[in-house]
Structure formats: structure tokens, C-alpha cells
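Morning, everyone. I'll take a few minutes.

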Amino acid sequence: MNLAHTLTQSPKDELHGLAGLSLQLMEMLGSLVGALLLYLAGRAFGRQRMYAVVERLPLVNTFDLRRGEEWFARHGEKSVLLGRMVPLVRSVISVPAGVEAMPVGRFVVLTALGSALWNSIFVLAGYLLGENWGVVEPYADVLQKLVIVAVVAAVAVFVVRRVRSIRAR
């Protein structure tokens, strides 16, 4: 079976593999650049100035930053690796890593690994689905709409609660 597949494999198959690899590298690079910017902001500002900046941002409070710092302190470097696979945490975890002066080399390696693992799930899913994407598309469309509604509802609840807490002060 492998011999038959090898003999009938077309150059297009190798190109798909290369396209997936280059897509993976570009996604990892994009994730790494964004994470590094937030890491550097945390490192440059330090704890006190970061709190001063957060206090001036609308709809953000220092409780969120404190909670992120506590999570980072509790889980350490693994929070950078695993945090890349959790929406919202993916961005926020870079700031405490910078504030806590995590070595930049370790930060880059863990961020690259975590991003590569997370992005690989989607690249692999696309590769495995291949030409069969049309079968999944109607379900993906419904799921996408449900996720959008859930995110909009969550943001609305967040904004309402935050505005109420600001007014209550």
C-alpha cells in the first residue's frame, strides 16, 4: 500500500505539505510578535506603571491585572506555554511574564511551542478535511454564528457590569 501511494504521489501533495508548514510558521511568527510586544510592555513599564496605565483604560481594572499576575505566580513558566491555547489568556499572559522579568529566551521558546501546538490543530484539521471541507461547512457556519452571538453577549455583560461598578464608586 505504501509503495503504491509513493509511486502515485503527485508533486501537488508535497506542495500541500509545504503550504501547511509555511502557514504554520507564519501563524507562529504572528503569535510570537504580538506576544513579544505585550511582554516588552510589561517589562518596560514594570508593575507600578503597568497598574497606573491599566487604571486609566476604560472598562479595565487592576483586579484583572492582579488576577493575571497571581495566575502567573501560581503556574510559572508553564502558564506561558499552556496559556497560548486558551482564548483571552493567550494575550494577557505575556504582560505578567514581562512584569516578572521572565527570561526573554524562555518566553520566546515557550510562546513559539504553545503557539505551534495550538495552530497545528487548525492546520491539521484543514489538511485532513481537504476537499471534504464542504461537508463540514454548514455545521461550521452555524457554530461560527453561535460563537459570535456568545462573544457579543459576553462582551455586553462585561461592559454593563463594568459600567455599573464604575458608577457605584
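Let me start with a question. First, a caution and the overall picture.

This is a predicted model. Keep that in mind throughout.

The fold, then. The chain has eight helices and zero strands. Along the sequence, the pattern reads α-α-α-α-α-α-α-α. There are 169 residues, and 22% of them count as buried. The accessible surface comes to about 11,900 Å². Carbon and sulfur atoms account for 70% of that surface. Now the contacts. Take those between residues at least 6 apart in sequence. Of these, 70% join residues at least 24 apart.

Back to alanine 101. Where is alanine 101? In the loop between α6 and α7. Alanine 101 has a positive phi of about 60 degrees, although it is not a glycine.

How many salt bridges does the structure hold? Three.

Glutamate 100 meets arginine 47 in a salt bridge, at 2.2 Å from N to O. Glutamate 100 is partly exposed, at 39% relative accessibility. Arginine 47 is also listed at 39%, so it too counts as partly exposed.

Second pair. Arginine 47 also bridges to glutamate 69, at 2.9 Å from N to O. Again, distant parts of the chain are linked. Arginine 47 is in helix α2 (residues 11–56), glutamate 69 is in helix α3, and they are 22 residues apart. Is glutamate 69 buried or exposed? Buried, at 10% relative accessibility; the cut-off for buried is under 20%.

Arg47, Glu69 and Glu100 are linked in a network of salt bridges.

Third pair. Glutamate 77 forms a salt bridge with arginine 106. Their closest N and O atoms are 2.6 Å apart. Glutamate 77 is in the loop between α3 and α4 (78–83), while arginine 106 is in helix α7, 29 residues away. Both partners are partly exposed: glutamate 77 has a relative accessible area of 31%, and arginine 106 has 43%.

Next, helix α3 itself. This helix covers residues 62–75, so to speak 14 residues in all. From first C-alpha to last, α3 reaches 20 Å, close to the 20 Å expected at 1.5 Å a residue. Which residues of α3 are buried? Thr62, Leu65, Gly68, Glu69 and Phe72. Seen down the axis of α3, these buried residues fall within an arc of 125 degrees, so they line one face of the helix. An α-helix has 3.6 residues a turn, so residues three or four places apart point the same way. What follows α3? Glycine 76, with a positive phi near 60 degrees.

Last stop, helix α8. Valine 142 is found in α8, which spans residues 133–168. Its relative accessible area is 48%, which makes valine 142 partly exposed. Valine 142 belongs to a nonpolar surface patch of about 540 Å². The patch is made by Val142, Leu143, Leu146, Val147, Val151 and Val155.

Further along α8 is valine 163. Valine 163 is partly exposed, at 27% relative accessibility. Now look across to proline 58. The C-alpha atoms of valine 163 and proline 58 are separated by 9.3 Å, yet the two residues are 105 apart along the chain.

Three salt bridges, with Arg47, Glu69 and Glu100 linked in a network. A buried face on α3. And a nonpolar surface patch of about 540 Å² that includes Val142.

Key
Residues numbered from 1 in each chain as written. Predicted model: local features only at pLDDT ≥ 70, side-chain atom pairs only at ≥ 80, totals over all residues. Heavy atoms only, no water. Helix = DSSP H or I, 4+ residues; strand = E, 2+ residues; numbered from the N terminus. Expected span 1.5 Å × (residues − 1). Buried < 20%, exposed > 50% of the residue type's maximum accessible area, 1.4 Å probe, protein only. Arc of directions from axis to C-beta. Patch = residues over 30% accessible without salt bridge, like charges linked within 9 Å, V, L, I, M, F, W, Y side chains within 5 Å. Areas by Shrake-Rupley, 256 points an atom, 1.4 Å probe, with all protein chains shown as cover. Salt bridge = Lys/Arg side-chain N within 4 Å of Asp/Glu carboxyl O. Contact = heavy atoms within 4.5 Å.
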